[in-house]
Amino acid sequence: MDTFERTGELPLYQQIYEWIKLKIDSEIWKPGTQLPPEPILSKDLGVSRQTLRQALQLLINEGLLYRQQGKGTFVQNTRSQYELTILTSFSEQMKAKGKHPSSQLIDIQSNIQPDHKLQVQLGLSPHNRVLKMVRLRLADEMPMSLETVYMDENLCPKLAQQDLARESLYHLVENVYQHPISYGNISLEVTQVNPEEADWLQIDSTSSVLHMECINYSYNSRPLFITYAKYPQERYIFTVSMPRRQ
C-alpha cells in the first residue's frame, strides 16, 4: 500500500478521503475491489477508526464506495441510471447496460383483502382479492432493489407457477397474460430501511434508500399493478429529461 502522508492543510478525515478517492479515480483500486478491514486500514494509515469512518462515509455518500453488511466496504461499480422519461422494466434496464438481471422470490401470497389505499390505487372493491409478491432484484448478483408488487389476483391467474426468479413481470403481464402496459405513474421519496430490508439489500440498517411507487396502467387506463421498490441510493441515479413548457 502507498504510504499516506499527513499535511496540515485539511482536516485529517478529508486527507484520508482525498487519498482514497485518488486511488479510486486512478483505478489503483478498481470497481469491485474490497477495501482492507477498518482495523487494518486505520492502523496502516496511522489514524483512528472514527477518522477513517468519517472519510469512508463521505465516499459512500458520493457513491464511490458501498458497504455490504457482514462483508466489508467495496469500490462502487458505476451507478445504474434509472431514466424516468420512458417506462421500462428492471430486466430491460439491466440488459441495456450489459448486466445480467435476476430475482430472488422472497414471498408470494394470494387471497389478500386490499386495504382502502390499494382499492383506490388499483380500482378495486372490498370484495376483490389481491396477490402480493416480494422479490429481491439483482444485477450480476448484486442486490439492486427490493420490490413489493400488488395486483388483482384475477389479472394473472397462476402467476405463482411462473419462473419468477428469471422472468420479468412486465414480460409475463404483457406476453403471457396479454395485458399491454401503456404507461406508469411514478413517485419518489427518500426513506429508511428496517433491519430485514437492510439484510436483503446488503446495506447498513442506518442507510437511506430511494422509495419508488409506480402504478402501471393498460391502454384503457385500467390499473394493472402497483410496485413499491426500495433502491440503495449509492447504486442508483434517477435521471429525467424535462422539456420546457411552450
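Visitor: Hi! What should I know before we start?
Guide: Residues are numbered from 1 along each chain as its sequence is written, and side-chain values use heavy atoms, leaving out hydrogens and water. In this predicted model, local features need pLDDT of at least 70 and side-chain atom pairs count only at pLDDT 80 or more, while totals for chains, interfaces and linings use all residues.

Visitor: Which residues of helix α2 are buried?
Guide: In α2, residues 38-45, they are Glu38, Leu41, Ser42 and Leu45. Buried means under 20% relative accessible area, with exposed over 50% and partly exposed in between (1.4 Å probe, protein chains only). Helices (H or I, at least four residues) and strands (E, at least two) are DSSP runs, numbered from the N terminus.

Visitor: And what do those residues pack against?
Guide: The buried residues of α2 pack against α1 (12-25), α3 (49-61) and β1 (65-68).

Visitor: What comes just after α2?
Guide: Gly46, which takes a positive phi of about 75 degrees.

Visitor: New topic: where is Phe74?
Guide: Phe74 sits in strand β2, residues 72-75.

Visitor: Is Phe74 buried or exposed?
Guide: Phe74 counts as buried, at 12% relative accessibility.

Visitor: Which residues does Phe74 touch?
Guide: Leaving aside residues up to four places away in sequence, Phe74 touches Gly32, Thr33, Gln34, Leu35, Leu64, Leu65, Tyr66 and Gln68. Contact here means heavy atoms within 4.5 Å.

Visitor: How many Å separate the C-alpha atoms of Phe74 and Pro143?
Guide: They are separated by 14 Å, and the two residues are 69 residues apart along the chain.
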